[in-house]
Amino acid sequence: MKKQSKSGQDNRGVVLSLTAPKAEAVYLEGDFSQWQRDKHPMEMTRDGRWTKAICFTPGTYEYKCWADGS
């Protein structure tokens, strides 16, 4: 996935995933969202993986996944 941002920089689509079949809710947060926990909820697949597709401009990012609040 590749999109052009308003600033003219290329955005790259990335799918992040976490295997947590017993989790009830998983969220992705990072410096790209000012560490807001509820901004990027992840979706569970049939095999117990939680995924989230997100577009980034090229660079280095820090992120973490929260499963059931921890």
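Which residue stands opposite Pro-41 in S4? I looked this up and found Tyr-27.

**Ground rules.** I am reading a predicted model, where local features need pLDDT of at least 70, side-chain atom pairs count only at pLDDT 80 or more, and totals for chains, interfaces and linings use all residues. Residues are numbered from 1 along each chain as its sequence is written, and side-chain values use heavy atoms, with hydrogens and water left out.

**Confidence.** I checked pLDDT, the predictor's confidence in each residue, from 0 to 100. The protein has a mean of 85, and 86% of its residues reach 70 or more. I then went through the elements; helices (H or I, at least four residues) and strands (E, at least two) are DSSP runs, numbered from the N terminus. Strand S5 (residues 43-44) has the highest mean pLDDT, 96. Strand S1 (residues 2-4) has the lowest, 40. Over residues 1-5 the pLDDT is below 50. Beyond near neighbours in sequence, I still find 14 contacts for this stretch in the model. A contact means heavy atoms within 4.5 Å.

**The sheet.** I traced an open sheet of 3 strands, in the order S4-S3-S7, with antiparallel pairing. S4 and strand S7 (63-67) stand at the edges, each with a single partner strand, so one side of each has no neighbour in the sheet. Two strands pair if DSSP finds at least two bridges between them. I find 5 bridges joining S3 to S7. Leu-28 has Cys-65 as its bridge partner in S7. S3 and S4 pair over 2 bridges, also in the antiparallel sense.

How many of the 5 residues of S3 are buried? I get 4, so S3 is largely enclosed by the rest of the structure. Buried means under 20% relative accessible area, exposed over 50%, and partly exposed in between (1.4 Å probe, protein chains only). I also note a general point: in a regular strand the side chains alternate between the two faces of the sheet.

**The loop between S3 and S4.** I looked at Ser-33 in the loop between strand S3 (26-30) and strand S4 (40-41). Is Ser-33 buried or exposed? Ser-33 is buried, because its relative accessible area is 0%. Leaving aside residues up to four places away in sequence, Ser-33 touches Lys-39 and His-40.

Gln-34 is in this loop too. Gln-34 is exposed at 56% relative accessible area. I checked its backbone: Gln-34 has a positive phi of about 55°, although it is not a glycine. Trp-35 also lies in the loop between S3 and S4. Its phi is near 60°, again positive in a residue other than glycine. Trp-35 is partly exposed, with a relative accessible area of 36%. I kept these two phi values because most residues other than glycine have a negative phi.

**Cysteines.** How many disulfides does a search of the whole structure find? I find 0. A disulfide here is a pair of cysteine sulfur atoms within 2.5 Å. Cys-55 counts as partly exposed, at 28% relative accessibility. Cys-65 counts as partly exposed at 24%.
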